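Subject: Structure handover

Hi,

Here is the structure I promised to pass on. Please have it open while you read my notes.

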Amino acid sequence: MNEIILTNNETLRLQALRQYRILDTICEAAFDDLTRLSAQICGTPIALISLIDESRQWFKSKVGLDTESTSRDLAFCAQAILQPHDTLIISDTLLDPRFATNPLVTSDPYIRFYAGTPLITPEGYALGTLCVIDHVPRQLNSEQLEALQVLSRQVMAQLELKRNFYKLQRITSDEHKQIEYLISALSHDLRTPLLGIRGALYAMLGGAFGSVSDTWKDVLEDCRQANADLLKFVEALLNVSRYKTEVSKTLKYEILNWKDIFVETIIRTNGIRQEKSVIRYKIASSLPVVCGDALEIQRVVQTLIDNAVKANNPDQEITLEVALFGVEKVKISVRCNTLGIAPLDNENLFNNFIQGRGRNNIDKLGLYLCLQIVEAHKGTINVENTVEGTTFWFTLPVTLLKS
């Protein structure tokens with residue numbers, strides 16, 4: 001197979017592929033989880049997320065294969081994208097004249113079975129495939145085929161999230177119409193398919209496609225949790241966009257009750273986790289009155305607590321505190337016993353929401369939203385590191401009441 005057969009929309013397809021800026025990027029757990037799940041469900045030693053450019057197939061994620069790419073003229077996936085709406089299944093490569101003499105069949109990795117589901121953009125372009133490979137002839141049953149197609153849509157949801165991040169990165173303060181367009185695109189192109197995938201995963205876990213072994217249940221549960229995290233991520237992104245356009249116009253000011261905010265946050269934190277965290281709070285006596293949007297301030301406290309819980313050792317305490325800061329501000333702090341944050345991360349922690357999760361499992365998108373909320377309240381937010389741990393903190397101005 002020396003001749004490369006092109007798709008009928010090859011130029012536009014390659015333009016679409018470049019828009020995702022995914023080629024030659026590092027490994028990412030969100031994609032690796034999907035290939036691992038594909039191999040588990042289909043019972044194959046190899047699973048790949050393969051992207052086809054002008055001359056090669058490059059693997060964004062791979063299970064059971066060491067190479068980073070192969071020539072396009074040898075790629076099974078290059079054949080699969082020619083029929084973008086069908087899953088290409090080769091039950092026995094030695095019986096298929098297109099592949100019988102392919103070096104990938106006659107030598108390492110000795111492909112005898114292949115099934116690849118194209119990765120289709122919302123515009124209809126096939127970027128590559130999610131595929132599974134075996135060293136012996138075989139078939140997929142209907143449940144395995146359905147699962148592979150569901151997982152391919154999850155791969156595209158991840159790619160769409162990245163593409164929309166890059167769009168948001170180019171937005172300036174006078175481009176509100178673009179923001180509104182992107183919010184609509186995110187809602188339609190990301191949230192809707194993610195909800196559909198969530199339903200499919202719940203159905204699979206519930207046995208709708210047949211009995212599920214304990215091993216598959218664990219893997220499916222991991223994928224379900226990743227889907228839930230991604231839905232939360234999209235919701236946070238929509239909130240960020242809302243703050244970039246509306247700023248402080250919709251804030252509802254009231255006197256903040258710190259005990260109510262702290263207690264509710266702790267209850268919510270431990271209510272969704274099997275392993276409870278020890279979270280204590282301190283409220284200084286004789287605090288001055290502070291006004292703000294209670295729901296939004298609680299969102300900030302919740303985000304800081306969530307980051308602390310994820311980074312902290314389970315048996316170590318987290319402290320939540322509010323105290324007077326100077327004469328015109330109060331300071332709200334969340335302290336945990338992590339080893340601290342690298343100086344480079346610290347410098348840009350609240351200012352770059354495109355980077356997503358950083359080292360120490362820090363949720364940068366959530367922290368960027370915190371920055372928007374605190375600044376809308378005329379406050380400041382930062383983080384301090386010592387050898388003893390990390391302290392996230394923010395300030396709010398004291399409210400001067402008229403006598």
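First, the ground rules. This is a predicted model, in which local features need pLDDT of at least 70, side-chain atom pairs count only at pLDDT 80 or more, and totals for chains, interfaces and linings use all residues. Residues are numbered from 1 along each chain as its sequence is written, and side-chain values use heavy atoms, with hydrogens and water left out.

The protein chain has a mean pLDDT (the predictor's confidence in each residue, from 0 to 100) of 83, and 81% of its residues reach 70 or more. Please treat residues 353–359 with care: pLDDT stays under 50 there.

Now the cores. A nonpolar core is a set of buried Ala, Val, Leu, Ile, Met, Phe, Trp, Tyr and Cys residues joined through side-chain atoms within 4.5 Å; buried means under 20% relative accessible area, exposed over 50%, and partly exposed in between, with a 1.4 Å probe and protein chains only. The largest core has 37 residues, and Leu127 and Leu159 touch the most other members. Its largest share, seven residues, comes from helix H5 (helices, H or I, of at least four residues and strands, E, of at least two are DSSP runs numbered from the N terminus). Leu159 is in contact (heavy atoms within 4.5 Å) with Tyr20, Ile22, Phe31 and Leu127, leaving aside residues up to four places away in sequence. A second, separate core holds 34 residues, among them Leu256 and Phe262.

H5 also turns up at the second largest pocket, where it gives six residues, the largest share of the lining. The 20 lining residues include Ser152, Arg153 and Met156, which are among those nearest the centre of this pocket. By type, the lining divides into eight nonpolar, eight polar and four charged residues.

Finally, two residues to look at. Lys162 is found in H5, which spans residues 142–169, and it counts as buried because its relative accessibility is 18%. Beyond four places in sequence, Lys162 touches Ile22, Glu28 and Phe31. Ser38 lies in helix H2 and is buried too, at 1% relative accessibility. Not counting residues up to four places away, Ser38 touches Ala47, Leu130, Val132, Leu148 and Leu151.

Note on methods: On a 1 Å grid over the protein atoms alone, a cavity is a set of points where a 1.4 Å probe fits but cannot get out, and a pocket is an open set with protein on both sides within 12 Å along at least five of seven lines; lining residues have an atom within 4 Å of a point. Ala, Val, Leu, Ile, Met, Phe, Trp, Tyr, Cys and Pro count as nonpolar, Asp, Glu, Lys and Arg as charged, and the others, Gly among them, as polar.
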